[in-house]
Amino acid sequence: MRIVLSFIAFVLLISCKKEANSLEIILLKKEIVDSSSIRFSYLQIKNEDAIFFKTNIFQEFLSKDTLRFNELPDGTYELKYLNIFNEEVINKFTLKNNTEKKIKIVYDSIPKNKLYSESLIDNMINGESYKVKMNGRGPASFYSYYKISMEKRTQYIEVIGKQKKRLELKDIDAIRNFESELFVIKSKANKGSFGRAYFEIFTENDTIMIQGSYGWNGWSNLMYKLNKT
């Protein structure tokens, strides 16, 4: 069920002159198969005078939830938050003359330029291989992995419990997206909260350890896509 959350920015209504500016912030997820809740470890909205909205880690939202603010005064505003990869995102904007402003936050998106630069699958040569292992935490600890190899300019995948198969373009896209997200999380590991899984990447020359980010379901999203083929 879609929920619309309405907030009145009462702190900004102290002025005797009321404005008709309004702001809507629509919360979305790029991964539509991921139905888990959205939790911002940090999100705030402010103008030149005050912070008038701030979340905490215990507040949960669903994709397509909307934060709505009415009767906002003219001025410059700033929206600042940490996305699911612990990247700080800042959006500055101006409201004046009865503006009706809408902003979309895609909680689990990363810049497109990082898709190719960060992923291992796009930087392979013939004869190379690497393995990504996921280790779950908690009372029922478990692990899973996939291994990618390149033979005669063709890429293959081995997933635990399944036979080796040739990768299709949609499989490569899914793996590229997962690996790019994982390396973005690694680069921001000093911020935000940790998730329930950690990852080990074994390449020809190195072993990389990465702690997952809270609320990130990259592994289950990837396995869902690979199993559809």
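The model is predicted, so local features require pLDDT of at least 70 and side-chain atom pairs count only at pLDDT 80 or more, while totals for chains, interfaces and linings use all residues. Residues are numbered from 1 along each chain as its sequence is written, and side-chain values use heavy atoms, with hydrogens and water left out.

Phe202 belongs to strand 13, residues 194–202 (strands are DSSP runs of E of at least two residues, helices runs of H or I of at least four, both numbered from the N terminus). With a relative accessible area of 29%, Phe202 is partly exposed, a term for values between buried, under 20%, and exposed, over 50%, with a 1.4 Å probe and protein chains only. Val132 lies 70 residues away along the chain, yet the two C-alpha atoms are separated by 6.4 Å. Apart from neighbours within four places in sequence, Phe202 is in contact with Tyr130, Lys131, Lys133 and Thr207, contact meaning heavy atoms within 4.5 Å.

Across the whole structure, a search finds two cavities of 30 Å³ or more. A cavity is a set of points, on a 1 Å grid over the protein atoms alone, where a 1.4 Å probe fits but cannot get out; lining residues have an atom within 4 Å of a point. The largest cavity has a volume of about 110 Å³, and among its 15 lining residues Glu31, Asn177, Glu181, Gly218 and Asn221 lie nearest its centre. Helix 2 (169–187) and helix 3 (218–227) are the elements that each give two or more residues to this lining.

Notes. On a 1 Å grid over the protein atoms alone, a cavity is a set of points where a 1.4 Å probe fits but cannot get out, and a pocket is an open set with protein on both sides within 12 Å along at least five of seven lines; lining residues have an atom within 4 Å of a point. Grid points are joined across faces, edges and corners, and a volume is the space filled by probe spheres set on the points.
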